[in-house]
Structures are given as structure tokens and as C-alpha cells.
Number of protein chains: 2
Amino acid sequence: MYERKILPNLNCGLDLIGEVLYGKWKIRLLWFIDQGHQRPSELQRKIPDATRRVLNIQLKELEDHELITKKIYAVVPPKVEYSLTEFGKTVIPVIAALGMWGDENEERLRGVILKRLKSGNG
Amino acid sequence: MYERKILPNLNCGLDLIGEVLYGKWKIRLLWFIDQGHQRPSELQRKIPDATRRVLNIQLKELEDHELITKKIYAVVPPKVEYSLTEFGKTVIPVIAALGMWGDENEERLRGVILKRLKSGNG
DNA sequence: TCATATAGGGATAAAATTATCCCCTATTGC
DNA sequence: GCAATAGGGGATAATTTTATCCCTATATGA
């Protein structure tokens, strides 16, 4: 595994939530698990742009951070289900607030983001 | 400047807000500007772990995304002030929600983050 | 027998982000 | 003349994060 060379700041609430939510697919994973899509294959179908590998890694991080739990059924073919922990459930309203702001400002955001991308830098 | 090779997803509100808030220091920059710390040197003092260079780059992105404006005074030594746009102000409550969740769960978060860091991976 | 579904992981490459280093402007004050 | 102040940026290195590729296992159905 990759070992960090620069330790993260953990001074304030923003640092802390950043540590656990930072990751390209984590917020979506939490969101979809909350919506009832608990199995890895379902999550992969919901997030087709991510590879299985990356989703597994990010799910593991969410698990280590105690936002989700993983239940492995001893059956063949294998069955796995992720669920939000009680702790994990408390972060859903925050994610909802993020999504709501994004939705409310969808057109404007798409506009400024695309403008910046097209104007050369990124 | 760096030019992206993989275009970002811009499908839902979460994608969109992610594009404009993703960046190690952006949320703090918005926060401190909202608190009245408008000049680059002030912001640098508030965020000593970031180099001037990176702050400038991230401020430029926030400006391109229309969350802040930059006012340059024609004086010597130079004087610059950043302010939130009306649009930028609307994202502050969302950031507040993030920070609040982090603060409320400070101990637990610090615990799980440090545990994961110490156990080898990162 | 071979593909499919299900879940997983190691090794490595690529991409993206941050950090570091060094340089620039112009004026005031010593 | 030289340092300090306030702002800025190019080039490159380092770090971190994601993506790609290929491998494992077992049972079912064609």
C-alpha cells in the first residue's frame, strides 16, 4: 500500500471531514449505499466511470473510517453488503446539502466549469 | 499550465460542487475571505501550511469559477483584495455544514483517521 | 468445456495535484 | 546601495491519487 510522506492537518472540523470524504468516489458511494444499493456490483453499475479496483479501495477507507460496515456472506458466488453505520448516517444530510447546492446552481456551475476547461488550463 | 487529459463528470449536483470546491485549500480560502481576511498576505498567514504559489493558483480557480472577485489597487506596494461574489456567498452555509459536522465529531474523526494512518496505509 | 456472475487484490502506469526553488515589479526607509 | 514590503509567476520536483492490467476462487447454465 501507499504510505503517506506528508501527514495531513487535523486541526479543525474542515480538515477532519476532508480526510474522510476526500476521494473521487466516496461521496457517491455513501450516497448510493444510503439509497439502498448495498452490493459492490450494484455500486459499480451506479458508478460506471470508476473501476472496481478504485471502488474497493475507497470502500475500504470508508470502512476504516467507520462510516460503513461490510458484511460478507459465506455463500457461492460471494455476496457482500455494505451499510452505513449510525455514524455514517449522520453525514448524509451534509452530503445532501452539497448536492442540493450543486443542483440549484447546475447551469451556472456547468457554465463556469466548462468555460475554464476550454480556456486552456484545467 | 496543466491541461487535463481526462474530462471531469458533470452529471449531477455533487459532481458540479466537487469541481469547484475540490482543492486542498479552497474551502479554507472561501471561509477566511468570508471572515474578512481579503488580502493575499492575510490569507497566507491564516493558512501557513500552503505556499503562496498554491494559494494564488487556487484563488485564480475560485475566481474563474465566479465564487470570488479580485480587486487590484493601483498603488505601490501593490494591494489586492478578494471578496466573495453573491454566488460565492451562497456556498458558505454549505461549508459551514461541513465544518459543523467535523467539529461535532472531532474526537471520533481524529481517532479513526490516526488509527488508519498508523496501521500502515494512508 | 467455456463463458458468466460474484468478489477480491498485486503490480505498475498514468494523471493530477502540491510543493519547492528561484526570479520579477516598484517604492520607502535606512 | 540594500533590505523590506506587497504582489506575482515560470520551471520542475515530489507527492498523492486514479487507472490499467492481469491474476485468484466457485458454482451455474449453455
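This is a predicted model: local features need pLDDT of at least 70, side-chain atom pairs count only at pLDDT 80 or more; totals for chains, interfaces and linings use all residues.

Author: What follows is a close look at helix 4 of chain B, and then at its surroundings.

Helix 4 of chain B has 13 residues, and from its first C-alpha to its last it reaches 18 Å, which is close to the 18 Å expected at 1.5 Å a residue. Five of its residues are named as buried, namely B:Leu55, B:Gln58, B:Leu59, B:Glu61 and B:Leu62. They lie on the same side of helix 4 of chain B, because they cover an arc of only 160° around the axis. An α-helix has 3.6 residues a turn, so residues three or four places apart point the same way. The buried residues of this helix pack against helix 2 (26-34), helix 3 (40-46), strand 1 (68-73) and strand 2 (79-84) of chain B, whereas the face turned away from the buried side carries the exposed residues B:Arg52 and B:Arg53. Just after helix 4 of chain B comes B:Glu66, which takes a positive phi of about 65°.

In total 22 residues surround DNA strand C, and the closest are A:Ser41, A:Pro77, B:Lys5, B:Ile6 and B:Lys24. The largest share of this surface, three residues, comes from helix 4 of chain A, and by class the surface divides into 10 nonpolar, four polar and eight charged residues.

The two protein chains also touch each other, with 40 residues of chain A in contact with 40 residues of chain B. On the side of chain A that touches chain B, helix 1 (13-21), helix 2 (26-34), helix 5 (86-104) and helix 6 (106-118) of chain A each supply at least two residues, and helix 5 of chain A gives the most, with 10 residues. That side of chain A has 20 nonpolar, eight polar and 12 charged residues.

As for chain A as a whole, there are six helices and two strands, which run α-α-α-α-β-β-α-α from the N terminus on. An unreviewed UniProt entry annotates residues 12-110 of chain A as "domain: HTH hxlR-type", and over those residues the chain is 63% helix and 12% strand.

Note on methods:
Residues are numbered from 1 along each chain as its sequence is written. Chains are lettered from A and ligands numbered from 1 in the order in which they are written. Two residues are in contact if their C-beta atoms, placed from the backbone, lie within 7 Å. Helices (H or I, at least four residues) and strands (E, at least two) are DSSP runs, numbered from the N terminus. Ala, Val, Leu, Ile, Met, Phe, Trp, Tyr, Cys and Pro count as nonpolar, Asp, Glu, Lys and Arg as charged, and the others, Gly among them, as polar. A residue is near a molecule or strand if its C-beta atom, placed from the backbone, lies within 6 Å of it. UniProt positions are given in the numbering used here, feature names are shortened, and annotations may be inferred rather than shown by experiment. The expected span of a helix is 1.5 Å times one less than its number of residues. A residue is buried if 20 or more other C-beta atoms lie within 10 Å of its own, exposed if 12 or fewer, and partly exposed in between; C-beta atoms are placed from the backbone. The arc is that of the directions from the helix axis to the C-beta atoms.
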